[in-house]
Amino acid sequence: MKLLSIFFATLLLTSCSGGGLSAQSENAYVAGSGAAVYVKKTERKMAPEISGETLTTGDKRLNQNQVTVINVWASWCAPCRAEAPVLQDFSIRYPQVQFAGILTRDNISSAKAFYENFKLTYPTFIDDALLIGFKGSLIPNAIPTTLIIDKDGKVAVRISGELTVANFTSMLDKVLSDA
């Protein structure tokens, strides 16, 4: 009985209430500091294949031979709202880079409203089980998390939390210049 009580207490203390914009939802996630981790080319691990149903364009498979930026986000996440216009701008300024999102811990209607509000043009995958594929590499460890995958399909950078223009530019340019 005592174990069952501990289980339910743990469940109540660690559960998220869902995708609303309540104060509880805003604080029911791990926020990153915006710190970037860059992995030397010789130490990088393969990223998983990213494919599946997207928020707006049906099924999609990302090209594995192209530098790719993956942003893990949720509509209720304030840092995600702050960085969405920045990522959209970068997706236009860097046409040689493939951009995509992975929706996590959110509902589809709120995510679609977010997507339309910020006029995002890159696809967002709705199956956050895709995140499991990063195990053994730089896993997304906060909401938001931005990953940069090199042209060889290996995870090169993780930015945990809201990215800054300077830090993101530096990391993306570094990966693009990797020979």
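The charged end of R93 sits over the ring of F90, 4.4 Å from the ring centre. Such a placement requires NZ of Lys or CZ of Arg within 6 Å of the ring centre and within 35 degrees of the ring normal. K174 likewise lies over the face of Y38, at 4.0 Å from the ring centre. The model is predicted: local features need pLDDT of at least 70, side-chain atom pairs count only at pLDDT 80 or more, and totals for chains, interfaces and linings use all residues. Residues are numbered from 1 along each chain as its sequence is written, and side-chain values use heavy atoms, with hydrogens and water left out.

The structure holds five aromatic pairs. Rings of Phe, Tyr and Trp (its six-membered ring) pair if their centres lie within 6.5 Å; planes under 30 degrees apart count as stacked, over 60 as edge-to-face and the rest as tilted. F90 and F168 form an edge-to-face pair, with 4.7 Å between centres and 85° between planes. F90 lies in helix α3 (residues 78-93) and F168 in helix α5 (residues 165-177), so the pair ties together parts 78 residues apart in sequence. Both F90 and F168 are buried. Buried means under 20% relative accessible area, exposed over 50%, and partly exposed in between (1.4 Å probe, protein chains only). F114 and F118 form a tilted pair, 4.8 Å centre to centre, with 55° between the planes. F114 counts as buried because its relative accessibility is 6%. Ring pairs link W73, F114 and F118 into a cluster.

T104 is placed in the loop between β5 (98-103) and α4 (108-117). Helices (H or I, at least four residues) and strands (E, at least two) are DSSP runs, numbered from the N terminus. T104 is buried, since its relative accessibility is 7%. Its side chain joins that of D128 through a polar contact of 2.9 Å. A polar contact is a pair of N or O atoms within 3.5 Å; within protein, one must be able to donate a hydrogen and the other to accept it, and residues adjacent in sequence count only if both atoms are side-chain atoms.

K45 is found in the loop between β1 (35-38) and β2 (51-53). K45 is partly exposed, because its relative accessible area is 46%. The C-alpha atoms of K45 and K135 are separated by 9.7 Å, although these residues are 90 apart along the chain.

Overall, the protein chain has five helices and eight strands. Buried residues make up 44% of its 179 residues.
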